[in-house]
Amino acid sequence: MQKTSGARSEIRAFSSEIGKKPPRILIAKPGLDGHDRGALVVSRALRDAGFEVIYLGLYGTIDQIIQVAIQEDVEIIGLSILSGTHLKVAKRLIERIREKKGWKVKTAIGGIIPDEDIPKLRRLGIDVIVPTGTPISKVGEFLKGALKKGSEKKVKRRAAI
Amino acid sequence: MEHRSIEKRKFETDSGIPVVQFYSEGDIQDLEARLGLPGKPPFTRGPYETMYRGRLWTMRQYSGMGDASQSNKRYKYLLAQGQTGLSVAFDLPTQLGYDSDDEIAEDDVGVVGVAISSLKDIEELFEGIPIDQVSTHLNINATAPVIFAMYLAMAEKRGIDISLLRGTLQNDILKEFLARKAFIFPPEPSVRLVCDVIEYSIKNVPEFNPVSVTGFHVKEMGASSIQEVAFCLSDAISYSQELIRRGLDFDKFASNLSFHFACGRDFFEEIAKFRAARRIWSKVARERFHSKKEESERLRFFSGGSGAVLPAQEPINNVVRSSMQCLAAVLGGAQSIHVMAYDEALSIPTEESVKICLRTQQIIAYESAVTKTVDPLGGSFFIERLTDQLEEKILEKMNQIDAVWGGMPNAVVRGYPQREVIDRAYKQEIDIESGKRVVVGRNKYTTQSKSRIEIQHPDEKASLLQKKRVKALRRKRDAKLVAAALDKVKLACENSNANVIPVLIEAVKTYATVGEITAVMKLAFGTYKDPGLVV
């Protein structure tokens, strides 16, 4: 069972590299904040940039978000956080992802993120950080870049065999 | 060369109304009837005859953080710095009906506002503050009935006659479904609760504004000023219809309705918007609701400076932006003003940044001399023409909401206004990135250097203390009394003809918590999941 889903996500990663299948992203707002203008606008922009966007919306717990991410077989989990809780939430997200051994998913956090917290989020393991003011046209690029990093590694491994 | 390029350029207000090269007498034909006198219908020039000559607007900064004692300190600081009315910001758990020690509240306690779980917290919040002399805005919506009950219970315990209390409850649930999203129950019981609060308040707390029908968050979400006012006034119509259905006369509650608009970046359009809104509401009161009293037609509003137009880049520039917004609100005749702090894109205000907000208001009030006459821009060819055009477009939109959408409660569950607003928000973002919409410091005249400013960080200690406090409260109170009171709340909720406020006042006096009361209400009303219709 696990082998099949592993192969499926590898194929998808490879295909999105050559532009055949759209990359899949889950966008959600964890916690209790309902200000979702940013999340909705970014979702719209990513849809226009060729992503398949699953918009989970508001009031999700990290566990609920991860459950849906696995069900929907997404490649990226994108969280929108405006309330200043991004470090706490990032830590919890990465911990929960690592608990699911073998699950390769990229993470992105967007919202109100002070400059000094960006390196902290990187150290925690977040792949893409999108602070307020980031052009929405670039978000798609950054996310595709993060996906490429992962699939490049995989392609190299196959070549070595 | 210059002429050709001007011809090609499109000049429009922020909301898309064409702006011509110059305006003149021809643009204000037959103005007298449409203009009226200050303090008289149709109130274009202002709700009161003397406006700021008689009394300045209330300087009311939205504020709240950590636990009640931390916020109490900040309120005393603000009052000492010249704030003339309080405006309470509640944290998200309180807004959504969770106690501070609820697992789901873990990361959000005291972060964007003050954590309030019980009457004890409200008492501490206003400790040493003369609530019979200072008016207070309670910016709370889904849990407004509970917080209102606590506020009244606190006044009673202090021996204050509640009929003398002045203040406002935001209590506008329809805009939550549309823009702000801090709803709990489905639309029908939510509107019932809004009207329970209004009905109780006009009978028992006549000096209070039990609702502040709000366009602010809709504009912040990306709406134009036209959409903002149309959706807001249509919400007010829906609440009025429900109150009338309950047997109340429009003239009995209309003068207790208040309004809340954003003040954005198009200086003259915002001024004209406020004037148009007053004129439209005056017309609605007279023609739709057949009001017989002049004060029923009077629209009074609170102006919140727009935070959505304050970028994170070069934050000090936002002092300039906020000042212009404040000036527009004053020239537009606001009754109460909040100025957005320069660090709005980064965090809640520090003492320093909020002080500048008050100083902005005070400088305009005491140094600029714009307050010496009522509606100083009245009669301006441009302002009057713009007021007329905004009125026309807003009324057009309101007709669509009525005739095509079937009213706002119907429209919000179908996502009609939400889609329109996000479409516009998306377009605005694209325009910023293409440079078409200039944001100085962000997409034009940018620097690489980062400004070093102090920002307010959430207080972990206060949050932990608050969680302990709630647990301790539960141990100390009489559990039997609480249980009995909660039963009464459930019964009142299940009876659609009952007003829930009296049983809520009794319940909060037993120290039943926000979370416990909300849980009981959820059993009676159910909960609402945003259908996420928009993407």
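Two strands count as paired if DSSP finds at least two bridges between them. By that rule, β7(B) and strand β8 (residues 257-263) of chain B pair in the parallel sense, over four bridges. V213(B) has F259(B) of β8(B) as its bridge partner. The model is predicted.

**Sheet of chain B**

- Five strands form an open sheet in chain B, in the order β1-β10-β9-β8-β7.
- The pairing in this sheet is parallel.
- β1 (58-59) and β7 (211-214) of chain B stand at the edges.
- Each of these two has a single partner strand, so one side of each is left without a neighbour in the sheet.
- Helix α10 (residues 225-245) of chain B packs on the sheet and touches β7 and β8 of chain B.
- The direction of α10 makes about 140 degrees with that of β7(B).
- In general, strands of a sheet pair through backbone hydrogen bonds, either parallel or antiparallel.

**Where chain B meets chain A**

- On the chain B side, 31 residues are in contact with 28 residues of chain A.
- α4 (92-96) and α17 of chain B each supply at least two residues of the side that touches chain A.
- The largest share of that side comes from α17(B), with five residues.
- By class, the chain B side has 18 nonpolar, four polar and nine charged residues.

**Helix packing across the two chains**

- Two packed helices are described by the angle between their axes and the distance between the axes.
- Helix α2 (residues 37-48) of chain A packs with helix α17 (residues 416-434) of chain B at an angle of about 70 degrees.
- The axes of α2(A) and α17(B) lie 9 Å apart.
- Angles of 65 to 115 degrees count as roughly perpendicular; α2(A) and α17(B) are therefore roughly perpendicular to each other.
- From α2(A), the contact uses R37(A), L40(A), V41(A) and R44(A).
- From α17(B), the contact uses I422(B), A425(B), Y426(B) and E429(B).
- The residues of this contact divide into five nonpolar, no polar and three charged.

**Make-up of chain A**

- Chain A has six helices and five strands.
- From the N terminus on, its elements run α-β-α-β-α-β-α-β-α-β-α.
- Of the 161 residues in chain A, 47% are buried.
- Among contacts in chain A between residues at least 6 apart in sequence, 73% join residues at least 24 apart.

Definitions and conventions. Residues are numbered from 1 along each chain as its sequence is written. Chains are lettered from A and ligands numbered from 1 in the order in which they are written. This is a predicted model: local features need pLDDT of at least 70, side-chain atom pairs count only at pLDDT 80 or more; totals for chains, interfaces and linings use all residues. Axes are lines fitted to C-alpha atoms, for helices over the stretch in contact, and angles run from 0 to 180 degrees between N-to-C directions. Angles under 35 degrees count as roughly parallel, over 145 as roughly antiparallel, 65 to 115 as roughly perpendicular and the rest as oblique. Two residues are in contact if their C-beta atoms, placed from the backbone, lie within 7 Å. Ala, Val, Leu, Ile, Met, Phe, Trp, Tyr, Cys and Pro count as nonpolar, Asp, Glu, Lys and Arg as charged, and the others, Gly among them, as polar. A residue is buried if 20 or more other C-beta atoms lie within 10 Å of its own, exposed if 12 or fewer, and partly exposed in between; C-beta atoms are placed from the backbone.
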